[in-house]
Amino acid sequence: MYRAVTHNIEVQVRPFYLEDRSDPAENRYVWGYQVTIDNQSDDFVQLLSRYWHITDGTGRVEEVRGAGVVGDQPELNPGDSYQYTSGCPLSTPSGIMVGHYTMRNKRGETFDIAIPAFSLDLPGTRRTVN
């Protein structure tokens, strides 16, 4: 489990390898990841957008930006949590993902919260994420 806290909003990520959707002979490796966002602040917040910086095992970088997550822009009152699952295909057996969510509070102020860096590695192997 990987964890980051920004502005009293905690983001936890649990990556997992999807062997049934992967085909190593074709250089296709697929991971799922489950994200939990826990609003530990005293403010209402809404997740507006996401940004991902994905680096595969050869150092190739892909950046992904978009509105919300999995088609949703969740609203979280103080004490609320939101959880979703998504996925990431790579052409290498390892990689690293990191990013941020842009949030808005009830005053209309926007700010970013960190998504912790997490590694995508075949089962039985593991790199250290700095």
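1. A word to start with: a strand here is a DSSP run of at least two residues, labelled E and numbered from the N terminus. Please keep in mind that this is a predicted model.

2. Is Asp-72 buried, exposed or partly exposed? Its relative accessible area is 31%, and because partly exposed covers the range between under 20% (buried) and over 50% (exposed), Asp-72 is partly exposed. Its side chain makes a polar contact of 3.1 Å with the side chain of Tyr-82. As for Ser-41, 31 residues away along the chain, its C-alpha atom and that of Asp-72 are separated by 21 Å.

3. Now to the sheet. Four strands make up an open sheet in the order E1-E2-E3-E7, and their pairing is antiparallel. Strand E1 (2–6) and E7 are the edge strands; each has a single partner strand, so one side of each has no neighbour in the sheet. From one strand to the next, the twist averages 20°.

4. E3 and E7 run antiparallel to each other and are joined over 10 bridges. To find one of these on screen, look for Thr-36, whose bridge partner in E7 is Gln-83.

5. Another pair to visit is E8 and E9, which also pair in the antiparallel sense, over 10 bridges. Here Met-103 stands opposite Phe-111 in E9. How many residues lie between the two strands of this hairpin? There are four, and Gly-108 in the turn has a positive phi of about 85°.

6. The largest nonpolar core has 28 residues, and the ones that touch the most other members are Tyr-33, Trp-52, Tyr-101 and Phe-118. Which elements give two or more residues to this core? They are strand E2 (9–17), strand E3 (29–39), strand E4 (45–56), strand E7 (81–90), strand E8 (94–105) and strand E9 (110–121).

7. Last, the aromatic rings. Searching the whole structure gives seven aromatic pairs. One aromatic cluster is formed by Tyr-2, Tyr-33, Trp-52 and Phe-118.

Terms used: Residues are numbered from 1 along each chain as its sequence is written. This is a predicted model: local features need pLDDT of at least 70, side-chain atom pairs count only at pLDDT 80 or more; totals for chains, interfaces and linings use all residues. Side-chain values use heavy atoms; hydrogens and water are left out. A nonpolar core is a set of buried Ala, Val, Leu, Ile, Met, Phe, Trp, Tyr and Cys residues joined through side-chain atoms within 4.5 Å. Buried means under 20% relative accessible area, exposed over 50%, partly exposed in between (1.4 Å probe, protein chains only). Rings of Phe, Tyr and Trp (its six-membered ring) pair if their centres lie within 6.5 Å; planes under 30 degrees apart count as stacked, over 60 as edge-to-face and the rest as tilted. Two strands pair if DSSP finds at least two bridges between them. Axes are lines fitted to C-alpha atoms, for helices over the stretch in contact, and angles run from 0 to 180 degrees between N-to-C directions. A polar contact is a pair of N or O atoms within 3.5 Å; within protein, one must be able to donate a hydrogen and the other to accept it, and residues adjacent in sequence count only if both atoms are side-chain atoms.
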